[in-house]
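Here is my note on the model you asked about. Please read it with the structure open.

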Amino acid sequence: MMNKELPYNENWIFKQADDPSFAAQPIQDGQHVTLPHSWNASDGQGESEAYYRGACWYQRLFQLESEHMGKQIYLEIGAAGNKGEVYVNGHLAGESRCGYAMFRVALNRLLHEGENLISIRVDNGYDNEVLPLLADFTFYGGLYREVKLLLLDHLHFDVMDNGRDGVYVTQKRIGAGLFELTVEGQIINHRAARESGRVQLELRNQEGKTVCEIGADVTLEKNTAFKLVQEIADPVLWHGTEQPYLYEAVVTVESEGEVKDRRSVEIGFRTIQATTDRGILLNDKPLKLNGVCRHQDFGGKGNAITKAEMELDMALIREVGANSVRLAHYQHDDYFYRLCDRYGLLVWAEIPYISIPSTKDPHNHNAFEQLERLIKQAYNHCSIYCWGVQNEITIAVETEHTHTNIQKLVQLAKQLDPNRMTVQANINGVADESVINSYTDMIGYNLYYGWYYGEIKDLGDRFDSFHRANPEIPLILSEYGVDTNPRFHSYTPKVQDYSEEYQLMFHHNALDSIASRPFVQGGYVWNMFDFGSANRHEGGVRGRNQKGLVTIDRKLKKDAFFLYKAYWSDEPFVHLTGRRFAERHQAQNEITVLTNLRHIRMYNNGKLVAEMRSDAKVKVAHEVTLYEGNNLIKVEGYGESGSLYTDEMTLQLVSKANPAYEYVKPESGAHVVNWFEQFDLSDTEELKLREGYYSTFDTIDELFENEQAQAVFVKYFAHVTDNPFFEVTRSVMSIEKMAQLTFYNIPPELLNVINKELNAIPK
Ligand code: GCU
């Protein structure tokens with residue numbers, strides 16, 4: 001009988017408590033759950049102040065049935081956030097420290113006839129050696145992806161190499177129209193005796209027709225490596241969203257006249273290069289990356305999402321017209337990469353080596369473990385064009401270890417996959433000239449000019465300064481965006497007002513800045529969807545980052561969504577902006593239409609108020625007069641062949657501005673903007689620092705070793721010590737380093753003042 005894969009998601013018992021006896025003893029008062037499951041579905045998105053971080057247990061009884069006899073049995077866990085330990089009848093069967101990757105455990109040696117207890121301890125508590133340590137998203141705990149039971153024959157492709165299929169399919173162009181297809185992997189034979197067998201590859205086109213068939217006889221020892229290579233002339237190319245053509249590679253191993261194991265891998269033939277003069281070349285044709293970033297979580301569900309939610313995300317990403325997606329900041333569900341293959345989106349895949357490295361393990365082994373799993377598990381997805389090795393890892397500390405680790409991660413990526421590019425996402429503070437920028441094939445920068453710092457228009461200048469410093473390095477805008485609460489509106493949008501109008505303005509500028517520069521390969525909007533970020537509380541909402549084009553429940557598309565749709569999508573439409581800004585206190589209004597149609601007409605209560613014909617995607621009708629009562633604003637767009645597209649909204653003229661539209665920043669005392677004003681900064685005489693005494697260059701932990709130095713720190717920074725960022729970074733963060741982060745808002749004069757006090761304290 002052939003190998004079987006059974007879903008194993010039902011009938012789990014869950015307990016939100018950590019008790020080691022659960023490894024061997026049934027939980028008495030647990031809750032029945034179906035996987036995927038997360039215990040932070042609501043508290044991880046702002047329902048309560050803190051979200052539960054710690055260990056919890058899942059259990060399930062496993063009946064060893066006669067159908068299992070003679071089978072090799074494995075449990076496949078889609079993901080355990082962030083660490084998982086699997087016990088069978090009280091014995092540890094396997095574990096994972098990669099909370100976003102799949103892992104498997106072999107069960108046979110621990111199973112006995114009849115009833116067996118499978119217990120899984122899942123832990124999303126803080127562990128300095130397991131990444132991510134700190135980031136702007138919720139670290140949801142749970143068995144949040146599908147679990148499967150694998151019932152395999154004595155002969156099968158390797159399922160325990162940290163990969164997924166045990167079969168690695170590589171396509172490579174070796175001449176004009178000529179590709180080389182390589183299929184390699186390992187076959188495991190659980191019997192003591194060697195066997196003769198055959199590995200076979202059949203390549204089928206989309207019509208199911210066999211394009212080629214090759215095979216090799218193999219002698220099957222305990223572990224047998226195999227490799228099949230075949231030239232394919234003029235395959236139909238996988239060409240992004242225009243033509244996501246996939247072949248199916250069916251790989252089998254046969255012995256004793258029957259197929260023992262079989263894999264079906266979807267594969268696209270394509271070439272991808274990054275250039276500084278023509279941008280990304282997909283099959284030699286330039287393609288600007290019109291990208292969005294995606295986090296995997298969903299309103300009310302946390303990261304415990306099903307295929308239906310993933311399909312909805314894909315439908316929205318397709319609707320906006322994106323041709324690329326950055327799947328941030330960790331490995332996503334395999335099904336999502338598969339959807340990207342099928343719909344032709346180019347994928348930037350990455351690991352959570354983010355914000356700060358482990359401070360206990362200078363080598364950050366966990367980053368390497370996660371990279372290995374990501375690459376091996378997602379290797380066969382032709383949509384992936386690059387591996388991301390770090391995101392803003394220098395935010396708090398940058399040492400030689402940081403540099404060596406990034407370089408070694410790149411080496412590992414190249415060793416596991418020599419055919420794909422590497423990339424990293426830098427924080428804006430990384431200098432254009434930084435040596436870090438020479439480590440990967442492409443460089444991404446997360447740039448928030450006009451939100452966290454600077455002005456909207458600075459974006460283009462930064463692109464240009466980077467290019468001047470690195471004319472040979474392809475640049476990507478790996479993140480950009482602004483928090484937006486669609487409740488807030490303004491006639492005069494400005495930074496940090498959280499209004500829908502500011503988001504529109506910000507993104508409009510970015511689109512132009514990217515489009516006009518060929519060395520910029522493209523950009524990734526941060527973010528396609530609002531997402532859970534338990535430590536946030538701003539813009540009128542707790543527990544969420546609101547930079548999405550769509551809300552976390554996927555129900556509301558903010559106006560900026562339609563801006564991108566107008567630029568990127570061919571699906572004809574018209575959209576009136578400002579519909580949630582329904583009460584207008586000015587009679588004269590600018591009304592903006594977002595559309596990919598040339599010709600539109602606008603009406604107010606049936607009367608024509610504007611008519612425009614142009615290629616502009618953003619069409620503004622000036623001085624539209626509103627009247628007392630309801631104003632039904634309607635827009636008509638005329639497509640080719642006379643088709644009509646419409647949108648409408650109702651606006652009311654009111655006498656006073658509606659205060660509910662304005663975001664009022666709570667004066668939170670603790671984080672007042674000019675917190676330093678209470679200190680005397682008038683003494684500007686520069687100090688020469690003495691060796692052997694404390695200074696702003698010592699880490700906070702070092703300062704805290706001395707009572708006096710600690711007192712100086714607390715005097716100035718008591719207001720930040722309750723911040724989780726502070727807690728996690730104190731062993732590496734100095735006051736100097738803090739001063740480089742806009743977040744702390746430290747004026748340079750203050751450093752001198754603090755040094756005068758610190759540098760008087762001997763070490
Ligand atoms: C960073 C980071 C994101 C974060 C974003 C933000 O650049 O990479 O994870 O969510 O900024 O502040 O919104």
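1. **Basis.** This is a predicted model: local features need pLDDT of at least 70, side-chain atom pairs count only at pLDDT 80 or more, and totals for chains, interfaces and linings use all residues. Residues are numbered from 1 along each chain as its sequence is written, and side-chain values use heavy atoms, with hydrogens and water left out.

2. **Domains.** The protein is divided into domain 1 (4-152), domain 2 (167-267), domain 3 (286-571), domain 4 (583-661) and domain 5 (667-758). These bounds come from an automatic or database domain assignment. The centres of domain 2 and domain 3, taken over C-alpha atoms, lie 34 Å apart.

3. **Domain 2 against domain 3: area.** Twelve residues of domain 2 are in contact with 16 residues of domain 3; contact means heavy atoms within 4.5 Å. The size of an interface is often given as the accessible area lost when the parts come together. Here the buried area is about 1,200 Å², and carbon and sulfur atoms give 57% of that. Buried area is the accessible area (1.4 Å probe) that two parts lose on being put together, summed over both. Tyr 168, Trp 238 and Glu 266 supply 44% of the area that domain 2 buries against domain 3, more than any other three residues.

4. **Domain 2 against domain 3: polar links.** Six residue pairs are in polar contact between the two domains, both residues at pLDDT 80 or more. A polar contact is a pair of N or O atoms within 3.5 Å; within protein, one must be able to donate a hydrogen and the other to accept it, and residues adjacent in sequence count only if both atoms are side-chain atoms. The rule finds one salt bridge across this interface. A salt bridge is a side-chain nitrogen of Lys or Arg within 4 Å of a carboxyl oxygen of Asp or Glu. Glu 266 forms a salt bridge with Arg 342, and their closest N and O atoms are 3.2 Å apart. Strand S12 (167-175) and S20 each supply at least two residues of the side of domain 2 that touches domain 3. S12 gives the most, with five residues.

5. **The four-strand sheet.** This open sheet has the order S15-S14-S19-S20, with antiparallel pairing. Strands (E, at least two residues) are DSSP runs, numbered from the N terminus, and two strands pair if DSSP finds at least two bridges between them. Strand S15 (210-220) and strand S20 (258-267) are the edge strands, each pairing on one side only. Strand S14 (residues 195-204) and strand S19 (residues 247-255) pair over eight bridges. Gly 197 has Ser 255 in S19 as its bridge partner.

6. **The six-strand sheet.** A second open sheet runs S3-S2-S4-S9-S6-S7, again with antiparallel pairing. Strand S3 (31-33) and strand S7 (91-96) stand at the edges with a single partner strand each, so one side of each is left without a neighbour in the sheet. Strand S6 (residues 83-88) and S7 pair over five bridges. Val 86 has Gly 94 in S7 as its bridge partner.

7. **Other salt bridges.** The count comes to 52 salt bridges. One of them joins Glu 85 and Arg 121, with the closest N and O atoms 4.0 Å apart. This pair links distant parts of the chain: Glu 85 is in strand S6 and Arg 121 in strand S9 (residues 114-123), 36 residues apart. Arg 191 and Glu 195 also meet through their side chains in a salt bridge (3.6 Å, N to O).
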